[in-house]
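Welcome! Have a look at the model below, and then let's go through some of its side-chain contacts by question and answer.

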Amino acid sequence: MSSTRTAIVVGAGIGGLTTAIALRRVGFEVEVFERAPEMRAAGFGLSVMSNATAALATLDIDLGLEKRGRVMETYHVKDWKGRLIREFPFPEITRRIGVPCVCISRADLLAALLDRATDIPVRLNAAADRFEVEGDRARVHLTDGREAEADLLVGADGFNSAVRRQLTGPDEPVHDSGYIAWLGITEYSHPRFAPGSVVHLWGDGMRFGLVDIGGGRLYWWGTKNMPFEESSTWDGGKAGVLDAYSGWPDEVREAIRVTPPEDLLTLNTRDRAFLRPWGTGPVTLLGDAAHPMLTSLGQGSAMAMEDAAVLAQHLRHAPDVPGGLRGYESARYERTRTMVEATRAISEFEQSQGPVRRRVRDGYFRWMPHRKLVGKLEPALTFPGAGLAGLPAGADGEAAR
């Protein structure tokens, strides 16, 4: 193996850019291929949970997200009339862990990643078509006829990953969530929405979220139970979203009212059955390409960031690339499978419809003992480590941690 190893990352989203930065940190020369013609983030937000930040810290990577977004200070769950169901102890947990959760726009997170990836070439208009393995090298073929090869190929190309499609076949089934999702980002201020807040409101087969992402901006999202045949063709626009939340608290309706129509995004949320294995030889998957999940726990981006850190740590310590990849995959299967299954279960529970199911849902969280609720939330927010036990010391002399 050459003294400088090379890597190709397919996909320049959150997972792909984080992976490129992490691999560069452990000595790889990295090239990123992105199918989009420009680096442009869709208008929505997310939470970079404590576990993601802690994972990157194992590689001494600090994205400085507190300066770009807003640290979560409170997290309240209410019913559709605005009555409190429960204050969730996310801030209490993150204070104990010592790492905050930061709410941020996707565009600002991508900007932070690009600032750290200035020495990494990102090729735009470069859509992967297929890959092949020759000996210990991987070659990726692009749809425009170009090709590139390296010691390592990482498919971080999202839900419709071309790398995953070659591993699983083109007919892999998709699981619809059973609801439509509306997303928006807007300038926002309301007397019933405090700075640093995350507020979720639960109705009858519907939810709405208000998230402070800093700089006077709000990220909001709404969901409504709807069969795929209807949600996939829904075209009600802003008026339709407002109509769906008729009678909900003013802070909800105001968020929709002040959002420019062009900043409103409508999605069908989906996941897939958990996949195993994720790769072969010098090829692996990461993030949504490996384990797409629904959004109820806000852990999709965090799992991709964890993946990137664990991948880099395993390649740093393993004597060869395929061995490092299989170690990475083995270390990530249980954690990511748990998240995929948990997000679907909590999504179905939170979308409860009908008076009996709603009362069960609201009562379950309202009366759960505090210690039990903390016990349910804290494992997701705590990075479990890279799973390096038993590996030999790395070339730099560090013992595997």
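Q: This is a predicted model. What makes Glu172 count as buried or exposed here?
A: The relative accessibility of Glu172 is 19%. Buried means under 20%, so Glu172 counts as buried.

Q: Which side chain does Glu172 meet in a salt bridge, and how do you know that it is one?
A: The partner is Arg272, with an N to O distance of 3.8 Å. The cut-off is within 4 Å, so this contact between Arg272 and Glu172 is called a salt bridge.

Q: What parts of the chain does the pair of Arg272 and Glu172 tie together?
A: Arg272 lies in the loop between strand E17 (264-271) and strand E18 (283-285). Glu172 lies in the loop between helix H5 (162-168) and strand E13 (175-187), so the pair ties together parts that are 100 residues apart in sequence.

Q: Is Arg272 buried or exposed?
A: Arg272 has 10% relative accessibility; with the limit for buried at under 20%, Arg272 counts as buried.

Q: Over which ring does the charged end of Arg272 sit?
A: That ring belongs to Phe159, and the charged end of Arg272 is 4.3 Å from its centre. In a further case, the charged end of Arg207 sits over the ring of Tyr179, 5.5 Å from the centre.

Q: How many salt bridges does the count come to?
A: The count comes to 31. Among them is the bridge between Glu306 and Arg332, whose closest N and O atoms are 2.8 Å apart. Glu306 lies in helix H9 (residues 300-317) and Arg332 in helix H10, so the pair ties together parts that are 26 residues apart in sequence. Both of these residues, Glu306 and Arg332, are buried.

Q: What makes Glu134 and Arg139 a salt bridge, and how is each classed by accessible area?
A: The closest N and O atoms of Glu134 and Arg139 are 2.8 Å apart, and the rule asks for within 4 Å. Glu134 has a relative accessible area of 46%, so it is partly exposed, whereas Arg139 is buried, with 15%. Glu134 and Arg139 also belong to a network of salt bridges that includes Glu132, Arg137, Glu147, Glu149 and Asp151.

Q: How many aromatic pairs does a search of the whole structure find?
A: The search finds 19 aromatic pairs.

Q: Why is the pair of Phe208 and Trp220 called stacked?
A: The ring centres of Phe208 and Trp220 are 5.3 Å apart and the planes are at 10 degrees. Pairing needs centres within 6.5 Å, and stacked means planes under 30 degrees apart, so the pair is stacked. Phe208 lies in strand E15 (residues 206-212) and Trp220 in strand E16 (residues 217-225). Phe208 counts as buried at 0% relative accessibility, and Trp220 counts as buried at 0%.

Q: What makes the pair of Phe349 and Tyr364 edge-to-face?
A: The planes of Phe349 and Tyr364 are at 85 degrees, with ring centres 5.5 Å apart. Phe349 lies in helix H10 (residues 321-350) and Tyr364 in helix H11 (residues 355-367), so the pair ties together parts that are 15 residues apart in sequence. Phe349 counts as partly exposed at 23% relative accessibility, and Tyr364 counts as partly exposed at 34%.

Q: Which residues do ring pairs link into a cluster?
A: The cluster consists of Tyr75, Phe88, Phe90, Trp202, Phe349, Tyr364 and Phe365.

Terms used: Residues are numbered from 1 along each chain as its sequence is written. This is a predicted model: local features need pLDDT of at least 70, side-chain atom pairs count only at pLDDT 80 or more; totals for chains, interfaces and linings use all residues. Side-chain values use heavy atoms; hydrogens and water are left out. Rings of Phe, Tyr and Trp (its six-membered ring) pair if their centres lie within 6.5 Å; planes under 30 degrees apart count as stacked, over 60 as edge-to-face and the rest as tilted. Helices (H or I, at least four residues) and strands (E, at least two) are DSSP runs, numbered from the N terminus. Buried means under 20% relative accessible area, exposed over 50%, partly exposed in between (1.4 Å probe, protein chains only). A charge sits over a ring if NZ of Lys or CZ of Arg is within 6 Å of the ring centre and within 35 degrees of the ring normal.
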